[in-house]
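Here is a short briefing on one protein chain.

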Amino acid sequence: MNNPLLDKALNFAARIVKLHQYLQKEKKENIISRQILRSGTSIGANANEAAYGISTADFIAKLQIALKETTETEYWLRLLILTDYIEENLGESILTDCLEIKKILISSLNTAKKKNVIGHN
């Protein structure tokens, strides 16, 4: 399946895994790195579940979870930048990817919700 959201979410998750490894090994940081690993990899997992949802409501629910995880990941990235755990240019690069996924999720949710309302009239 050629799905830009799923592709971007998978590539983003890979970056998050590498960031987690860097934070653990180089910075000896365990708490935030585990939080961002969980939320950052959950985005793609939920987007994948949404793509194969059994109903429009299921699709919307999974995308809303993915969006929630995206906003949490955005928070952790901003915190890592502000606390100098990661260099600003690296942080901004990953944050840009996160915000792009967030925009796609919001757009997809808005479209799905409009279709869901139209379909029930």
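Partly exposed means a relative accessible area between the buried class, under 20%, and the exposed class, over 50%. By that scale D97 is partly exposed, because its relative accessible area is 26%. The coordinates come from a predicted model.

**Confidence**

- The protein chain has a mean pLDDT of 95. In this chain, 96% of the residues reach 70 or more.
- Helix 1 has the highest mean pLDDT among the elements, at 98. Helix 4 has the lowest, at 93.
- Where pLDDT is low, predicted coordinates should not be read in detail.

**Helix 3**

- Helix 3 covers residues 56–82, which makes 27 residues.
- From first C-alpha to last, helix 3 reaches 39 Å. That is close to the 39 Å expected at 1.5 Å a residue.
- D84 follows helix 3 and has a positive phi, near 65°.

**Nonpolar core**

- The largest nonpolar core has 28 residues. F12, L19, I36, L77, L80 and L105 touch the most other members.
- Helix 1, helix 2, helix 3 and helix 4 each supply at least two residues of this core.
- Helix 3 gives the most to this core, with eight residues.
- Which residues does F12 touch, not counting those up to four places away in sequence? They are G40, I43, T73, L77, I94, D97, C98 and I101.
- In soluble globular proteins, nonpolar side chains tend to be buried together.

**Aromatic pair**

- The structure holds one aromatic pair. Its rings belong to Y75 and W76, with centres 5.0 Å apart.
- The ring planes of Y75 and W76 stand at 70°, so the pair is edge-to-face. The cut-off for that class is over 60 degrees.
- Is W76 buried or exposed? W76 counts as buried, because its relative accessibility is 16% and the limit for buried is under 20%.

- The structure holds eight salt bridges.
- K8 forms one with E100, and their closest N and O atoms are 2.6 Å apart. This pair links distant parts of the chain, with K8 in helix 1 (residues 4–25) and E100 in helix 4 (residues 88–119), 92 residues apart.
- K8 counts as partly exposed, because its relative accessibility is 33%. E100 also has 33% and counts as partly exposed.
- D97 forms a salt bridge with R15, the closest N and O atoms being 2.5 Å apart. D97 lies in helix 4 and R15 in helix 1, so the pair ties together parts 82 residues apart in sequence.
- R15 is partly exposed, with a relative accessible area of 25%.

**Other salt bridges**

- K62 forms a salt bridge with E49, with 3.0 Å between the closest N and O atoms. The pair links K62 in helix 3 to E49 in helix 2 (residues 31–51), 13 residues apart.
- E49 is partly exposed, with a relative accessible area of 40%.
- R38, K68, E69 and E72 are linked in a network of salt bridges.
- Side chains of opposite charge can pair when their charged atoms come close.

Key: Residues are numbered from 1 along each chain as its sequence is written. This is a predicted model: local features need pLDDT of at least 70, side-chain atom pairs count only at pLDDT 80 or more; totals for chains, interfaces and linings use all residues. Side-chain values use heavy atoms; hydrogens and water are left out. Helices (H or I, at least four residues) and strands (E, at least two) are DSSP runs, numbered from the N terminus. The expected span of a helix is 1.5 Å times one less than its number of residues. A salt bridge is a side-chain nitrogen of Lys or Arg within 4 Å of a carboxyl oxygen of Asp or Glu. Buried means under 20% relative accessible area, exposed over 50%, partly exposed in between (1.4 Å probe, protein chains only). pLDDT is the predictor's confidence in each residue, from 0 to 100. Rings of Phe, Tyr and Trp (its six-membered ring) pair if their centres lie within 6.5 Å; planes under 30 degrees apart count as stacked, over 60 as edge-to-face and the rest as tilted. A nonpolar core is a set of buried Ala, Val, Leu, Ile, Met, Phe, Trp, Tyr and Cys residues joined through side-chain atoms within 4.5 Å. Contact means heavy atoms within 4.5 Å.
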